[in-house]
Amino acid sequence: MLLNNKPYTQEMQVLNVKKCKIIFGKLQNEVYCRHIWLKCSFVLNFFGSFFSKNAILPREIHAFYLNFGMTDASSAHPLHINRRKVGEDLKLSLCMIVKNEAEVLARCLSSAKNIADEIVIVDTGSSDTTNEIAGTFTDRIFDFPWCDDFSAARNFAFSKARGEYIFWLDADDVIENEEEFLKLKEKLDADAIFLPYHTAFDESGKPTFSFYRERIVKRACGFLWKGRVHETIEVSGKTIYLEKPAVFHRSVKKEYSKRNFLLYEKQLAEEGKLSLRDCFYYGRELYYHGEFARAVDIFEDYLKEETAWKNDRIEAAKFLGKAYRRLGKKEEALFSFAKSFAFALPRAEICCEMALVFEEKGDLKAAVYWYQQALLTRENLNTGTFFAKDMSGYFPAIRLCVLYDRLGEFKKAEAMNELAGKFKPEDASYLYNKRYFRNKNKENRIE
C-alpha cells in the first residue's frame with residue numbers, strides 16, 4: 001500500500017486548478033484563463049515543489065493542463081478516447097493491472113476502448129513500453145510497487161475507478177463482441193455480473209475451455225479482491241450469470257510461468273499456511289510444474305475438507321487422479337477420479353481421464369465404456385465449473401474411432417469418426433481417418 005507516496009490523482013488535479021485560480025484572482029472565462037497561464041510562467045514554479053514532492057509524471061502534468069482548460073495541449077499527447085472531467089457521469093470503468101505487457105496491451109485496449117467510459121491502468125513495474133502504449137488510450141495511469149500480491153494491486157486499481165460499475169481485464173484478454181457488451185452496459189442492474197471466460201481454443205479459434213468469472217461489479221458495493229494469487233472478488237447481493245457476452249483470453253505466452261508457484265512457496269515460507277481456496281490452487285500449481293507427489297498430498301487433504309466448494313472438490317479429485325496417473329499409479333488414479341462422483345454426476349472430462357487410464361492398462365472395452373459415458377453427458381458452461389467442451393464431443397468421439405478400429409469393429413469406428421467430424425470438420429485427424437476408411441472400404445469391396 002502507498003501511504004507516504006500517493007500517486008497524483010484526479011482529485012488533486014482539481015484541487016490545484018483551484019489553487020491556480022486563486023493566484024490569478026477571479027478569472028471570468030476560459031480564454032482569459034489560458035491567456036494568463038501562457039503569460040505567467042511563475043505558476044510552474046509555484047507548483048514545482050508540489051510536482052517534485054508527489055513524483056508527478058508527465059502524463060499527470062498533461063492532465064493538469066487539460067483540467068485547466070488547455071485543450072490544445074492534447075496535440076502533444078493524443079489519446080484514442082475522450083477524457084471525462086470530474087463530475088461527468090461515468091457508467092463503466094475498466095480497471096487493469098499490467099507489467100511488461102507491450103506485446104498485447106494495445107490489442108486489449110483497442111477492443112475495450114468503446115465500451116469503457118474510463119480506463120484505469122495500474123503499472124506494477126514495467127521496464128518495456130507498456131506505459132507509453134497505455135498512454136495512447138488513457139491518462140488515468142498509476143504506478144503501484146509490486147508486493148507479491150495480486151489482490152493488493154487490483155484493489156488499488158479499483159480504488160481509482162469513478163464509474164458506477166467496474167469492469168476488469170487482463171492485458172492478454174480481448175473483447176470480440178463489442179456490440180453485446182454495449183447492449184449489456186445499457187441495462188446493467190446487478191451488484192455483480194459473471195460472464196463466460198474462454199481461455200483455450202482449437203485450431204479454428206473456437207473456445208474449448210471456459211468458465212465463469214466475476215467480471216463487472218457495482219462500485220458502491222465496495223467489493224474487494226482476496227488472495228495473493230489466483231485472486232477472486234468476494235461478491236454478494238444481486239448476482240447474475242450471463243451466457244454472453246464473453247471475454248477471450250488470447251495469451252501469446254509459450255510456456256506456463258512459475259510465477260504463481262513461486263508466490264505460493266513464498267507465502268508458505270512467510271505465513272506457514274494457506275487458505276483452503278489457496279490450497280486447491282497451490283495443488284494445481286504443483287501439478288503443472290511436475291511436483292506430482294506433493295500435489296497428491298495437497299489434494300488428498302483438500303478432499304477431506306467438507307467446507308470446500310463442491311466444484312473445487314470435483315476438480316481436486318480430477319487433479320488427484322491425474323497426478324497419480326503421472327506417477328504410474330493407475331489403480332489409485334481410477335479411485336481418485338471416482339471420488340468426484342460423490343459430489344455430482346460424472347463429468348465428461350473425468351470420464352475421459354478414466355478412459356485414458358483403462359487404455360494404458362490395455363482394457364479397451366472399459367475405455368470404450370467411459371468414452372461413451374463422456375459422449376452421453378449434457379454439460380455446458382452453466383454447470384458452474386470449468387467446462388472443457390471437447391471432452392463431451394470431439395475427443396471421446398475420435399478416441400472411440402481409434403479403439404473400435406483396434407477392436408475390429410470398423411463400422412462403429414467409421415461412425416465415430418464421422419461424429420468427430422461434426423464437431424471439427426477441418427480437423428486433421430478426422431480428415432486422415434476419413435481417407436483411411438474410404439480406402440479400407442474400397443479394399444473390402446474388391447475382396
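This is a predicted model: local features need pLDDT of at least 70, side-chain atom pairs count only at pLDDT 80 or more; totals for chains, interfaces and linings use all residues.
Buried residues (under 20% relative accessible area, against over 50% for exposed and in between for partly exposed, with a 1.4 Å probe and protein chains only) make up 49% of the 447 residues in the chain. Residues are numbered from 1 along each chain as its sequence is written, and side-chain values use heavy atoms, with hydrogens and water left out.

The secondary structure comprises 18 helices and 12 strands, taken as DSSP runs (H or I of at least four residues for helices, E of at least two for strands) and numbered from the N terminus. Among contacts in the chain with a separation of 6 or more, 66% are accounted for by residues 24 or more positions apart; contact means heavy atoms within 4.5 Å.

Helix H11 spans residues 292-302, and its buried residues are Phe292, Ala295, Val296, Phe299 and Tyr302. They cover an arc of only 135° around the axis, which puts them on the same side of H11; the arc is that of the directions from the helix axis to the C-beta atoms. An α-helix has 3.6 residues a turn, so residues three or four places apart point the same way. The buried residues of H11 pack against helix H10 (276-288) and H12.

The axes of H11 and H12 come within 9 Å and cross at roughly 150°. H11 is therefore roughly antiparallel to H12. Axes are lines fitted to C-alpha atoms, for helices over the stretch in contact, and angles run from 0 to 180 degrees between N-to-C directions. Angles under 35 degrees count as roughly parallel, over 145 as roughly antiparallel, 65 to 115 as roughly perpendicular and the rest as oblique. H11 passes H12 in a left-handed crossing, that is, one in which the near helix is turned anticlockwise from the far one by less than a right angle, clockwise being right-handed. On the H11 side the contact is made by Phe292, Ala295, Val296, Phe299, Glu300 and Tyr302, and on the H12 side by Asp312, Arg313, Ala316, Phe319, Leu320, Ala323, Tyr324 and Arg326. The residues of this contact divide into 10 nonpolar, no polar and four charged, where Ala, Val, Leu, Ile, Met, Phe, Trp, Tyr, Cys and Pro count as nonpolar, Asp, Glu, Lys and Arg as charged, and the others, Gly among them, as polar.

H10 also packs with H12, at an angle of about 25° and with the axes 11 Å apart. This makes H10 roughly parallel to H12. The crossing of H10 past H12 is left-handed. Phe280, Arg284, Tyr287 and Tyr288 of H10 make the contact with Asp312, Glu315, Ala316, Phe319, Lys322, Ala323 and Arg326 of H12. By class, the contact of H10 with H12 has six nonpolar, no polar and five charged residues.

In helix H13 (residues 330-339), Ala333, Leu334, Ser336 and Phe337 are buried. Their arc around the axis is only 160°, which puts them on the same side of H13. These buried residues pack against helix H12 (310-326) and helix H14 (348-361). H13 and H14 pack at an angle of about 160°, with their axes 10 Å apart, and are therefore roughly antiparallel to each other. H13 passes H14 in a left-handed crossing. The contact involves Lys330, Glu331, Ala333, Leu334 and Phe337 of H13, together with Ile350, Glu353, Met354, Val357, Phe358, Glu360 and Lys361 of H14. Seven nonpolar, no polar and five charged residues form the contact of H13 with H14.

Several loop residues were also examined. Most residues other than glycine have a negative phi, and most peptide bonds are trans. The peptide bond from Lys244 to Pro245 is cis, with omega near 5°; Pro245 lies in the loop between strand S10 (239-241) and strand S11 (247-249). Phi is positive, near 50°, in Asn100, and His230 likewise has a positive phi near 50°. Asn100 is in the loop between strand S1 (92-98) and helix H5 (105-112) and is partly exposed, with a relative accessible area of 34%. His230, in the loop between strand S8 (225-226) and strand S9 (232-233), is buried, with a relative accessible area of 18%. Lys160, in the loop between helix H7 (150-159) and strand S4 (165-168), is buried, with a relative accessible area of 13%. The C-alpha atoms of Lys160 and Ile119 are separated by 9.8 Å, the two residues being 41 residues apart along the chain.
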